[in-house]
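Please read them with the structure open beside you.

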Amino acid sequence: MDSFLFQAFIYLLAAVVSVPIAKRLGLGSVLGYLFAGIIIGPFVFKFVGVESEAILHFAEFGVVMMLFLIGLELRPELLWRLRGPILGLGGLQVAVTTVVILLIGFIFGFTWKVSLAIGLILALSSTAIVLQTLNEKGLIKTQAGQSSFSVLLFQDIAVIPILAVLPLLAAPILGTAEHSVEQIHHAGFSIEALPGWQQAILVALVIATIIIIGRFLVRYVFRFIAETRLREIFTAFALFLVIGIALAMQLVGLSAALGTFLAGVVLADSEYRHELESDIEPFKGLLLGLFFISVGASIDFNLFAEEPYLIVGLVAGLIVIKLVILFVLGFVFKMSRSQNFLFAFSLAQSGEFAFVLFSFATQNNVMPVPLADTLILVVALSMALTPVLMIFNEKLLQPRFSTLDQRPESDTIDEKNPVIIAGFGRFGQIVGRLLHANNIGTTVLDSKPSQIEMVRRFGYKVFYGDASRVELLHSAGAGEAKLFILTIGDKDKALEIAKTVKNQFPNLKILARAYDRRNTYELMDIGVEVIQRETFGSALELGASALKLLGFRNYQAHRAALTFKHHDETTLVDLHEHFGDDEAFLLQTRLKNQDLFELLSSDEEDKDETMGHSWERPGGM
Amino acid sequence: MSRNYKNKILVIFAHPALEKSRINVELCRAIKNLDGITFRDLYEIYPDFLIDVKEEQRLLLDHDIIVLQHPFYWYSCPAIIKEWIDLVLQYGFAYGHEGTALAGKHMMSAISVGASEDAYTENGVHYYHVREFLRPFERTAALCNMNYIPPFVVHHTSDLVTVEDISVFSDLYKKVLISLRDKDIDIKAMNEFKYINDYMLDQYESWSV
């Protein structure tokens, strides 16, 4: 029963069964995971026991990865634009909530130290649940989504001073603090031992190192690895990067999530962004799922059974207090009503930081263990209720607001482009430049690092990646784009990509470069909308130039080329139905020759008619 | 173009199939290399109809007389001349508020017409006179504050068989352009004639070259 494989089997089975059902029922994946956790947990099937807390800590790394991915989506200038909401809204939310809970605790007879500790800890919300749910509902880019994100980001930063303050609230027993700090940081070396100014310098150094490495060095490593064309090594390096940053941050006592978020922001401009996204995404998804399951499994129903009314009262009280404060803040910050409700309902829980902070607090003798256990249960229940509350808001409250109130906010992060170009070689560049010159936003994917760097120097946004991978297409925005322009030279690869795009994104129109006639028919069979034979256009123009040098007038040569083009394209389509027969190749060759002959002789016959019969006949006019 | 001419002439020419033309090819040959004349073959310069408006406007500013030379198609001009008028004679440049760039310049049509002048009378096939059909051009000139010089017209082109037949007209065309280039333009005297051909022939007696 205790084997690792069996554990993994149980967790995966629970997820595979309950998440699709929850999704089907419109409850969202988070609720599915939480429910799965409760089912396999110690109080229902007892498949998993006390070790789920260890798994919880491990799975928290999913939150770190999620923040890295969010950072990748957020360019530095966008982050800078959010500084107001982060400091103002986030700061006020933490401060006001702490004070209110402190007062309530004080009224109920706790010392002010204990009340303050509880207030600080409960003020924080759950980054994992809120962002995952908002993302899933596609609400992250609304005003409420951005505000929620800002508050969560501030809370992430606030964890650091809270960790520093908590030991000061303890009953003074020497030696304990240092011991527990090590537990929190999981690292052998602790900078708490250093004097304050050295700590500060160390923190600044680490952050500067992350920025410098991310900005200037990492791309060369990425390029070096990308050129080996070993996908798994690229994935390994991406994981290495995230874990390395997390470790570095823990070493200097900062939140790992914050550090990787920063790294993500630094890399948001990188050409390897989409590839990184699609590499980290599955890990993040699974770890977050594991995290939610662990939260579900850790809910202590025995404790709940002992004092059900107290627990229910505390959960309700916590949610109502947070809800009211958030709603007032949203009102002060002039959110529209529907956005304000979304904002308030999203953040009205306490978060995963509470698990860590409460155990930290008991280790530091800030509060007794039974109190902390009760509060941890309250936090877990408030987290589990969040998806339910959001569904309540979505189904029952939101419909009451007029549609006018719900118009999409204009000031949101929107950098998805209408056009994706796969392949930015000689062909793709011309297409890209034409669109660029006409102010059409393009997301360009290419798999040659040297090519990408060269083109980037001219100011094009080109990303590294293999366009046949569905995840990469997703992160490049294929779900929202209008056109997919396929210009890579490898015709088998192009065919494979076209098939994938047709299957996965049926609404995306494909414009493809074809190698020859056979390739054109293959693309037609898949249903590609626009096909251009790669050499046809330029050969035609060269032919027209030859006619000109042979004495044709410019306009005459131009029309001759256009006539030929029209004729050739019509016969190309007409011959399509004969393509792919048993004797496909023979037939094709014969037809091709016949076609060419007909084309040339009919040009001869048509000459007078197509070349402007009426232009030179006096006709009595 | 070392000499300073009285009037610099810009010939805007269009024939979509000049390689098959008999009349216009000779008319062009007669005038296109004359000093003081800028000859623009629109179909040759813009086979894709992508007219360079800035360049065309610059040329207009640089000349005093604009000649639109073309065969007479369906009582009008070939498509590219219309395109040229549509794009180059811009609002604000050629007409409209502050559109005075062409004011005081002269404009003339030079056309080849299949039928005889008789066919262009009330009793003929075409009922109206050629001048009636050229009204849009006349009004275009007027709207741009340009003087409209009576057109140079080659009638009954199917009757012009030999090189000598045609050269009568190409010589006359050449004389018209040289005269316009070198002499003061007496619009009043010209307007007494339907075609500038007749004005020239009238002047011939007193004008010896």
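1. In chain B, strand β4 (residues 106-112) pairs in the parallel sense with β5(B) over six bridges, where strands are DSSP runs of E with at least two residues, helices are DSSP runs of H or I with at least four residues, both numbered from the N terminus, and two strands pair if DSSP finds at least two bridges between them. Within this pair, B:M107 stands opposite B:Y148 in β5(B).

2. The model is a predicted one, in which local features need pLDDT of at least 70 and side-chain atom pairs count only at pLDDT 80 or more, while totals for chains, interfaces and linings use all residues. Residues are numbered from 1 along each chain as its sequence is written, and chains are lettered from A and ligands numbered from 1 in the order in which they are written.

3. The open sheet of chain B has five strands in the order β2-β1-β3-β4-β5, with parallel pairing. Because β2 (37-41) and β5 (147-154) of chain B stand at the edges with a single partner strand each, one side of each is left without a neighbour in the sheet.

4. In chain A, strand β1 (residues 419-422) is covered on both faces, with A:V419 and A:I421 buried on one side and A:I420 and A:A422 buried on the other; a residue is buried if 20 or more other C-beta atoms, placed from the backbone, lie within 10 Å of its own, exposed if 12 or fewer, and partly exposed in between.

5. β1(A) pairs in the parallel sense with strand β2 (residues 442-446) of chain A over four bridges, and four bridges also join β1(A) to strand β4 (residues 483-486) of chain A, again running parallel. The residue A:I421 has A:V444 as its bridge partner in β2(A) and A:I485 as its bridge partner in β4(A).
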